[in-house]
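Thank you all for coming; I would like to walk you through one structure this morning. Please have a look at the display while I talk.

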Amino acid sequence: MMKVYNKNIFFLWIGNLVSSIGDSIYIIALPWLILELTDSTSMSAIVTMSAYLPVLLLGIFAGSMSDLYNRKLILIISDILRAILVLTIPISISFNSTTPLTIGLTAFLLSSAGTAFSPARDALTPNLVSK
C-alpha cells in the first residue's frame, strides 16, 4: 500500500484530479448541448463565451478576495455553488425548461464560482506543505 506523506496535499491533488475530469467533460458538453437544443453554431459560441467571460471580468478581484478572506471557506463555498449549478442543468432538461439563456446564465455563474476557487487553492497550497 502506498504511504501518503502529506494527506492534505494528497486530498487536494485527488480533488483537483476529479474536478479536472469534470471540467473537461463540461467543456465538451456545454457547446454540444446548445448545438443540440438550437442547431445554431452562433448560439453555441455565445453560450460558450458566457462560460469564459467571468474569468476576464472577475479574475483580478478573485485574487484579492483569496487574500482577504478564509481560503478554505472560499474553496468550500465555491465547490458547493458549482455542484448546485451543475445539477440545475440536468434538472432543467428533465423538466423541459432548458433554454440557451438559462444554460448561458448557469455557465456564467458556474464560471464565476470557479474563478474564486483557483486563486484560493493556489494561495492555500504552500500552507499545506511543511518545510
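Let me begin with a term: helices are DSSP runs of H or I with at least four residues, strands are runs of E with at least two, and both are numbered from the N terminus. With that in hand, the chain has four helices and zero strands, and from the N terminus on its elements run α-α-α-α.

A word of caution about the source: this is a predicted model, in which local features need pLDDT of at least 70 and side-chain atom pairs count only at pLDDT 80 or more, while totals for chains, interfaces and linings use all residues. Residues are numbered from 1 along each chain as its sequence is written, and side-chain values use heavy atoms, with hydrogens and water left out.

Turning to the overall picture, the C-alpha trace spans about 55 × 40 × 25 Å along its principal axes. Of the 131 residues in the chain, 25% are buried, where buried means under 20% relative accessible area, exposed means over 50%, and partly exposed lies in between, with a 1.4 Å probe and protein chains only. If we take contacts, meaning heavy atoms within 4.5 Å, between residues at least 6 apart in sequence, then 80% of them join residues at least 24 apart.

Together with Trp13, Ile14, Val18, Ile21 and Ile25, Leu17 makes a nonpolar surface patch of about 590 Å². Such a patch joins nonpolar side chains (Val, Leu, Ile, Met, Phe, Trp, Tyr) within 5 Å, from residues with over 30% relative accessible area and no salt bridge, a salt bridge being a side-chain nitrogen of Lys or Arg within 4 Å of a carboxyl oxygen of Asp or Glu. Leucine 17 can belong to it because its relative accessible area is 40%, which is partly exposed.

Finally, the loops. Most residues other than glycine have a negative phi. Aspartate 39, in the loop between α1 (7–38) and α2 (41–68), has a positive phi near 55 degrees, and it is exposed at 70% relative accessible area. Asparagine 96, in the loop between α3 (71–94) and α4 (100–128), also has a positive phi near 55 degrees, and asparagine 96 is exposed, with 72%.

Methods
Patch = residues over 30% accessible without salt bridge, like charges linked within 9 Å, V, L, I, M, F, W, Y side chains within 5 Å. Areas by Shrake-Rupley, 256 points an atom, 1.4 Å probe, with all protein chains shown as cover.
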